[in-house]
Amino acid sequence: MPSSLLWAVDVYGRVYSLSTTGQQWEQCRHAHLEFKRVSAVQQCCWGIACDHHIYLNVHASDVRIRYQEETYENQRWNPVDGFSDRLLPSDRWQWSDVTGLTHQPLDSFQLPSENWEWEADWYVDENFGGEPTEKGGWTYAIDFPATYTKDKKWNSCVRRRRWIRYRRYKSQDTWAKIPSEQTGSLPDPFNDISCGGWEITEEPRGRLSLWAVSLQGKVWFRDGIHYLNPEGSVWEEVSTPGEVVQISCGPADLVWAVLWEGQLLVREGISRDYPKGSSWVVVESPSPEVGAIHVAVGVNVVWAVTKDHRVWFRRGVNSHNPCGSGWIGMVGEMVMINVGLNDQVWGISCEDRAVYFRQGVTVSELSGKSWKAVSVPRDNERSHSSASASSLQSAGCYFGGEVHLQSQASVLSDVDSEAEKATEGAPPTLEPDEAPKPRIPKVTSDSFISELVSDREGQIGRQSGVPDPQWSNVDLEEAQTHLTVGTVADSAETCSLSSVATYNLGLEEQYGADEHPLWAWVSGGGCAIDSHSQLNWFNSTTGLNSSMQAMSLSITPTQTAAWRKQIFEQLSERSKREMENFKHYEQAIEQSVWVKKGSMQWWRDWKPYKWMDVQFAVEQFSGAEGNKDGILFIYYTFNEEKKYLHAFINEVTILVPVLNESKHTFAIYTAERTKQRWPIRLAAATELEMHDWLALLSVSCCDSRGIHGPPSKQAIWSVTCKGDIFVSEPTPSLEASPYPMPCDQMFWRQVGGHLHIVECNSLGVVWGIGYDHTAWVYTGGYGGSFFQGLSSSTDNIYTQTDVKSVYIYENQRWNPVTGYTNRGLPTDRYMWSDASGLKECTKANTKPPSPHWTWVSDWAIDYSVSGGTDREGWQYAADFPASYHGHKTLKDFVRRRRWARKCKLTTTGPWQEVPPIPLSDVTILPCGLKNAVEQVLLWAISNKGDVLCRLGVTSLTPAGTSWLHVGTDQPFKSISIGGVYQVWAIARDGSAFYRGSVSAQNPAALSFPLNNVVVCICAGNLWYRQGVTPSYPQGSMWEHISNNVRKVSVGPLDQVWIIADKVQGSHSLSCGTVCHRLGVQPMEPKGQSWDYGIGVMRC
């Protein structure tokens, strides 16, 4: 890890730097002034001194900063003098810039400030285009402006040459004052400063954005800062909607400011061409009762401190959404916060004024884990290794007022003798409970440092003999008019580390050897630390060892005993105090935020319709009570304008993989987008990346809704047209009357595996049938497929395979010359097409349904087509499209035949195969929880049309034991069993059959009716059977309900669900839409209307 610097300012205005490879604070010896605050980047550090002027410290490097000044000398030829400086009135200046529009004589060039120096005098550049010119450096042309050459020609009427002079920046590794002289009104004295913006653009090299706040609350921007001009050019005022007290600029385009009233401002419109931005947006304070006093921004983070010193983290912040989405309270009380490189966070504690580092900040968890103090000594602390009086004085200050050492230079006096003499004639001593408590100054404004250092000249030379030094105009946490320096109270509360608050400004060395410095400001903008960095800042014990050596030379046994008692009391008091202050520490740590980002493509489904490269981010945060929520963002740029879309994780209703030949695509639905049939479509670069995103988003959605583990027994199961399996946990509000929960608000989560049909009941018995007619039973696990780790169970996950056929059609038209041929009419369908004829599908370009499938056979003619075929597999018709038949007639001018090729899928999921009979349909008895130990009736239709009944099926053994064949007169294609053991079936010829007197115990008995709703589907039409009663369970007649229906399912409480096609949304039609029947009542069993939910499903 390369070395970089952390900068800090103590309460005395001294500037220190701490290297990432070092173990001590190095004082900046070149600072002749006291500083209020600094703002650092990797190449330099900006600061505001107590004279309110801005200073710059540029780090020295092997390559000096040199700037080339140039001007051009122009001449014109005339017959009398030849080439001379007598130019035409319309010509350019004799001395000008390269364009000739600006007058630039040699003596007009001045150094920008006293921090620059000339390297040498002006000289002529005798090179032109990398080649040497004739002596004198002249280049020739026909006229101004024109193309110049180094050779003089007969028509060369003008010439010019370039003069060069270099100036060098000399003020490196020292504080250089930035000149404030400029045209127009000068800025007010500055109060705050922030540097950043180096990631906005790479040109010019080293470009920076410097923002400053004046004492009157105005915001200024320093323009023209780059590598060759580190000081910048001019101050430009930026208008604000109110008075600003503090500002923060990140490495990229984030700029936040704090208003006097406690609100925050966010700068929008910052770009490469306009680094100042365009407008301000007001963001409310994290706490409505308490305003903000400080803000710090990074690349994707914003931290804030309110007036009660609470720390807040802003979630959802990035360049596309600079305002973020909400505040999260964090642990700790800080005076100020600073965000450095890689969004690392630094702070100064309100309690002990130590510098703290936020541990655990990563790209995926920007809020970090905990605060840890940076405990390293200062460079002048290394010399305190002897048993000097000052060392013992420091030790006495640390361990309390029971032990005191006599010293003329000490600010502590002897309690036994000298203190009594010193207190004669002094005000009466307070009781222990009333003893004044020294406090660390609470720097909430710049008045503290400025007043502190402004009186230092008068304080020099004063020693402990001055009994009552006073600080004027100092903002203290508890105002104390008289801080006695000569005495120290004996209470335990005044003998801890906080006793260093009793300063004597006249001392040359403000801190004792073992006292930690009190910091006022910290800046990590130039400190390159990441989550993997190994630092030695938290292991330093040099200062403590030095103090122990000094103390061990003069400590008596009596003092040791007193110290032990004192230390024990102080540690007990300190533990009690910290427990009270941080009793919610563990809970607050859980209030974390993690972010995952990636590059994807997003389908822009409005004009212009196209795939766009976007940045996709998922941000999840946990609340104080352990609840989790999140937001997903899509950031894109359109017409050079940054935009974004967002959706809350708890509003996502389903994540669906989408079949696409060229892209790995998935869709994100919310309730509103479900109504519109208008999902968010995203495409990942690879299949693995898509699966990673789907697994992550699925876990986040489940966390936000408190759903964990396998589906419940009452879950609603469904499969998509692709074969993916989804479940939804029903809620009581789903069937609430008269206002049930809308179907589009149901949340569906994916379960591993692949099925064509799924059936379930309320006892948790779930069966499925694959495309190859293999029967599968649910094992009770969850996950599988692309779900890994915590999102998948380790047990009850098995390998699952499925085989399906892909079909294409060969089409031909008859003509009198050649007969049937593949040359059709211009209006005909493709000669190789899908079933609709609208899409061209040849043997060469037809691929498996998705990359998960692999071919397991070659193309072969399929003879099992509805309507029959001839010996060669052809079907005939009068025209495309029409009703096809298997024999040729005189009116048949077109024909087609179907080709099939098998492909295989291998995946994993909580499914076990039920051999050996292939099935085409299955139905399970919809029973209640009271039947938990009873046998569950399960009927099925084999692939050949046989009716089967599964024996031994219970909630504990859902796979059952064996099949029982039920005789029929003809093959069947569909079957369903109702809540009163009523079995209805549809034969292949369309006839409906009813089988009564069926029960689990006695097939001849008829149970009490619990379900009177009987529905069926014929040719996509949904029909309802009227007149079904206990005495006449067959019913009387059929009534048409809806069309475009694929599948229907009836629950144990007469809930009716269907899968419908051609459901109209606000933007498009959808197929395979889940629909719920509303208004189903005992007096109105067929219901009233449909409630439409998610699309692209198959029940």
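Which side chain does R161 meet in a salt bridge? Read on for that pair, and for a few other spots to look up in the structure.

## Before you start

This is a predicted model, where local features need pLDDT of at least 70, side-chain atom pairs count only at pLDDT 80 or more, and totals for chains, interfaces and linings use all residues. Residues are numbered from 1 along each chain as its sequence is written, and side-chain values use heavy atoms, with hydrogens and water left out.

## R161 and its partner

The partner is E73, with 2.9 Å from N to O. A salt bridge here is a side-chain nitrogen of Lys or Arg within 4 Å of a carboxyl oxygen of Asp or Glu. R161 sits in strand 15 (residues 158-169) and E73 in strand 7 (residues 66-78), so to speak two distant parts of the chain, 88 residues apart. Helices (H or I, at least four residues) and strands (E, at least two) are DSSP runs, numbered from the N terminus.

Both R161 and E73 are buried. Buried means under 20% relative accessible area, exposed means over 50%, and partly exposed is in between (1.4 Å probe, protein chains only).

D253 is buried, at 9% relative accessible area, but K642 is partly exposed, at 42%.

Then there's K1086 with E1039, where the closest N and O atoms are 2.5 Å apart. K1086 lies in the loop between strand 68 (1073-1078) and strand 69 (1089-1092), and E1039 in strand 63 (residues 1037-1042), 47 residues away. With 31% relative accessibility, K1086 is partly exposed. Salt bridges can also join up: R66, E117, E119 and R168 form a network of them.

## The nonpolar core

A nonpolar core is a set of buried Ala, Val, Leu, Ile, Met, Phe, Trp, Tyr and Cys residues joined through side-chain atoms within 4.5 Å. The largest one has 32 residues, and W602, F616, L632, F666, I668 and L682 touch the most other members. Elements giving it two or more residues include strand 33 (593-604), strand 34 (610-622) and helix 9 (687-705). Helix 9 gives the largest share, eight residues.

Take a look at L632: leaving aside neighbours within four places in sequence, its contacts (heavy atoms within 4.5 Å) include F616, L645, I668 and L697.
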